[in-house]
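Trainee: I am new to this one. Can we go through it together, step by step?

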Amino acid sequence: MQWLILDEADRILDLGFEKDVTVILNAVNAQCQKRQNVLLSATLSEGVARLADISLHNPVSISVLDKSHDQSNPKDQVTQEVTPPQAADQLGGFAIPESLDQHVALVPSKLRLVCLAAFLLQKGKLEQDQKVIVFFSSCELVEFHYHLFLQTLMNRLRAPAPGQLPSASPQLAFLRLHGNMAQEERTSVFQEFSRSRTGILLCTDVAARGLDLPQVTWIVQYSAPSSPAEYIHRIGRTARIGCHGSSLLILAPSEAEYVNSLAAHKINISEVKMEDILSILAKDDCFKGRKRNHKSHPAGPQEIRERATVLQTVFEDYVHSSERTVSWAKKALQSFIRAYAAYPRELKHIFHVRSLHLGHVAKSFGLRDAPRNLSVSTAKKRRANLKRPGLRKKTQSTHHLSQVLRSEYASGLEALRGGRKAKPSGNLEPENPETTEDSSPSSPPWD
């Protein structure tokens, strides 16, 4: 053996394989002493440094640093040291390619789905040679958006306008990749997306590491990552080997402070206005409102709102076309809530279930109102507790979460009105966690 390479060293430790790696290293050392060892990690921590002590002898540390760390020689992006590896916190930030443009858009929850669809339509239909990866927080979210876009965007674009021949953009091709897929299917999707010059890949963090997908032009983070390190891994799928790339992070207004947490790690992002993303709908007559016959002139805010409402209605009509699709959307919403509740403690002040307006969040899943049955019924839980008493603590916690979720879209006025149910307001105000009554089903998302 001449070479021993430990790649993704931080993930090896995160998954709890430190002891196993030590056993393997001892076995290898017993067979051969002379060889070249290499340890690779995008993020450096105390654990990685400890693994380096175990696996490396008299190591040379090769670190990729930004210009702020090496003012004396700014042209060199690689420095060699004979000191132990430093943790990311000690370095103060991450090295990001200069050819990567980073953007953030603040989008209210009720417009997230429309905004994402508009962005993908722009890249997949109206621009040339665009290859996009969209990151979601769970497998259920990937499946939901994949099938939703296939059944709405693709079918709508294939449908010909009066007097026109049917056509569809070959660039607007959707693929999906997540951990619940069989390995053969994952490999097939990976190869197909790698060979393609264009396309849109919807995926979880299973695609954030270790995959070299050529010529990816855009990374969209529809679900915010749980740490700056994961943010770096995601955007690392583009701007590779000197190529140019761009990234877009979509946040709710209540999550705007997340940008500051990234800036603390020297990850600086420029803002893109939501209106600029939605304005692409004015270039596609598939989403023209029924009331107007627009001539060729720049689209105004009112026209953009009308077209956004048309697109939202397309999603809602499909979701509510059957009980199966409604149930499917509710399950995706449940998955979103679970993932949102799982953010680490240091980010809870930014991402907290109590800050969500569930009526507005439901809109981003094509649901016209917030579902009332987000969890298993209490009776079923009691029966489960009797059969499996060891789960009592867990089910009580789930029941508490269910009550919290329900309280988020209850008006809070029942007690003041002697138990009478509050009537819906009939319109959606700007996002406010304390104003939780949703609109009537006929209200457009812009009201």
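Trainee: In which sense do strand β5 and strand β10 pair?

Mentor: Take β5 at residues 100-106 and β10 at residues 245-251. Strands are DSSP runs of E, at least two residues long, while helices are runs of H or I, at least four long, and both are numbered from the N terminus. Two strands pair if DSSP finds at least two bridges between them. Here there are seven bridges, and the sense is parallel.

Trainee: Which residue in β10 does glutamine 102 stand opposite?

Mentor: Strands of a sheet pair through backbone hydrogen bonds. Look across from glutamine 102 into β10, and the residue there is serine 247.

Trainee: How confident is the prediction, as mean pLDDT?

Mentor: pLDDT is the predictor's confidence in each residue, from 0 to 100. Local features need at least 70 and side-chain atom pairs 80 or more, while totals for chains, interfaces and linings use all residues. Residues are numbered from 1 along each chain as its sequence is written, and side-chain values use heavy atoms, without hydrogens and water. In this protein 71% of residues reach 70 or more, and the mean is 79.

Trainee: Which residue forms a salt bridge with arginine 176?

Mentor: A salt bridge is a side-chain nitrogen of Lys or Arg within 4 Å of a carboxyl oxygen of Asp or Glu. Arginine 176 lies in strand β7, and its partner lies in helix α6, 33 residues apart. The closest N and O atoms are 2.6 Å apart, and the partner is glutamate 143.

Trainee: Is arginine 234 buried or exposed?

Mentor: Buried means under 20% relative accessible area, exposed over 50%, and partly exposed in between, with a 1.4 Å probe and protein chains only. Arginine 234 meets aspartate 205 in a salt bridge at 2.7 Å, N to O. Aspartate 205 is partly exposed at 32%. Arginine 234 has 2% relative accessibility, so the word is buried.

Trainee: Which residues are linked with Arg209 in a network of salt bridges?

Mentor: Start from arginine 209 and glutamate 230, whose closest N and O atoms are 3.4 Å apart. Arginine 209 is in the loop between β8 and β9, and glutamate 230 is in helix α8. Both are buried. The network links Arg209 with Glu8, Asp10 and Glu230.

Trainee: How much of the protein is buried?

Mentor: The chain forms 15 helices and 11 strands. Among contacts with a separation of 6 or more, 74% join residues 24 or more positions apart. Of the 447 residues, the buried share is 45%.

Conventions:
Contact = heavy atoms within 4.5 Å.
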